[in-house]
Amino acid sequence: MAAREQWTGRLGFVLASVGAAVGLGNLWRFPTTAAAEGGGAFVLMYVVLCLAIGVPGVMAELALGRRTGQSPVGAFAALKPGTAWWVVGALGVFTGALILSYYSVIAGWVMAYTVQAARGTLLSGGAADLAAAFDALISHPWQPLVWHLVFMSVTALVVIGGIRDGIERCSKLLMPILLLLLLAVAVRVLTLPGAREGLVWFLRPDWGALSWRTVLQALGQVFFSASLGMGAMITYGSYLSRREDIPRSAVTIVGADAGIALLAGMAIIPGLFALGLPMESGPGLLFVVLPGVFMQMPAGAFFALLFFLMVVIAALTSSISLLEVTVSFVVDRLGIGRRTATLAAACVVALAGVPSALAAGALAGVRWLAMDVLSLADFLASNLFLPLGGLLTALFVAWVWGARPAAEELHLGAARFATAGLWTAAMRWAVPAAIAVVLAAGLIGGR
Ligand code: PHE
């Protein structure tokens, strides 16, 4: 068997992992959930959970991947052969495919917007036309489907290239551009007169608004955003050399992820306040209200193009990590070549995304718990499967593999791992207990 491919080095690995973490979760899901959950209290909860669960969780998954050199199913099986623990890895592969199926649909909408912005047609109507234009796009009989397929094809093309020439190269090129574009938009919006009030709303906690449901939403957001609980970090860790410092990388990855989420919130929400636009909590925030902001500001068309281009970039570096989980599973377990495995996985996921692509069109009548097909898939994946996968992974690492051998793996390549004791305690008790409580309380409390 050929030796497993590895990242070229720390920079490539960290940029690819930050690329996996930063995506629609930061730019679409975080601001819209913050708006729906009432701002500051949710934002603070999210930051606390990033530190308490995100950082130790990313460390655990990377260590599990590097130790075994396998994608999720094989990683669990390798450390505890002959048991059913591999099922946790399989749940991850399933969840990853489920997320990618609707992720690609939303990314497709963003692509359509980017093309419209580039042609100058996005903001050419009146402000009142924006909502109608968005509705027309997502409920169109075939357009969302075509964009979904285009986005899946681009994702597959990158993944076929492999770890170094595909994923790493794409992330190294695109991540710096993403940061520059986001900074440009954030500075522009934050310097609009009246933006300050929105910034305060976004950052000042209103504890009265905090419910178990809000905490569950924040937990789901941490898992979704840090790409935790479904094996993406296990997979990326499996391509990692023993020389790399995992604890330090985990802090960088989660820090960059949370930082970019906060920056995205600051680039979006204050704009609404500045222009007196309504706080909309659904997808309309990004696709209707935000273009309204761009419409009213100087050079807005240009910034709209920058913004949507940036969202496409962010989505792509995440979708490749989602697809890579399935592909590495197929390559490792079934011994199929990367190209065939990628094409097969992409076709399956593309098909699975068809209902989401039609969620606002042909399937608009199909609703459950007041959610359409796409929102339901997102709710189940983020607030149920990811925390569940994260809980089982934490239990596995702490109690089955063992927190001590896992900490030894973390010591490799880490000159100082001063917080080993803290990490061990967190993995054994705090992380599983916190996930279990929030999951139970949030689900029983209902929506
Ligand atoms: N973290 C990505 C985002 O925020 C989504 C993702 C989830 C990617 C799970 C990989 C695994 O958009």
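Close-up 1. Four helices, H1 (10-21), H2 (24-36), H10 (212-225) and H14 (300-334), each contribute at least two residues to the shell around the ligand; helices are DSSP runs of H or I with at least four residues, strands are runs of E with at least two, and both are numbered from the N terminus. This is a predicted model, in which local features need pLDDT of at least 70 and side-chain atom pairs count only at pLDDT 80 or more, while totals for chains, interfaces and linings use all residues. Residues are numbered from 1 along each chain as its sequence is written, and side-chain values use heavy atoms, with hydrogens and water left out.

**Close-up 2. Residues surrounding the ligand.** The ligand is surrounded by 14 residues, where a residue counts as near if one of its heavy atoms lies within 4 Å. Ala 21, Gly 25, Tyr 103, Phe 224 and Ser 225 are the closest. Sorted by class, the shell holds 7 nonpolar, 7 polar and no charged residues; here Ala, Val, Leu, Ile, Met, Phe, Trp, Tyr, Cys and Pro count as nonpolar, Asp, Glu, Lys and Arg as charged, and the others, Gly among them, as polar.

Close-up 3. A backbone N or O atom of Gly 25 is 2.8 Å from a ligand oxygen atom, and one of Ala 20 is 3.2 Å from a ligand nitrogen atom. From the side chain of Ser 227, an N or O atom lies 3.0 Å from a nitrogen atom of the ligand. On its own the ligand has 320 Å² of accessible area, and the protein covers 100% of it (Shrake-Rupley method, 1.4 Å probe).

**Close-up 4. The loop between S1 and S2.** Leu 369 lies in the loop between strand S1 (367-368) and strand S2 (371-372), and Ala 370 is found in the loop between S1 and S2 too. Most residues other than glycine have a negative phi. Leu 369, however, has a positive phi near 50°, and Ala 370 has a positive phi of about 65°. Ala 370 is exposed, with a relative accessible area of 67% (exposed means over 50%, buried under 20%, with a 1.4 Å probe and protein chains only).

**Close-up 5. A proline in helix H3.** Pro 56 belongs to helix H3 (residues 40-68). Pro 56 is buried, at 7% relative accessible area. Its C-alpha atom is separated by 11 Å from that of Ser 249, a residue 193 residues apart from Pro 56 along the chain.

Key. Polar contact = N/O pair within 3.5 Å; in protein donor to acceptor, adjacent residues only side chain to side chain.
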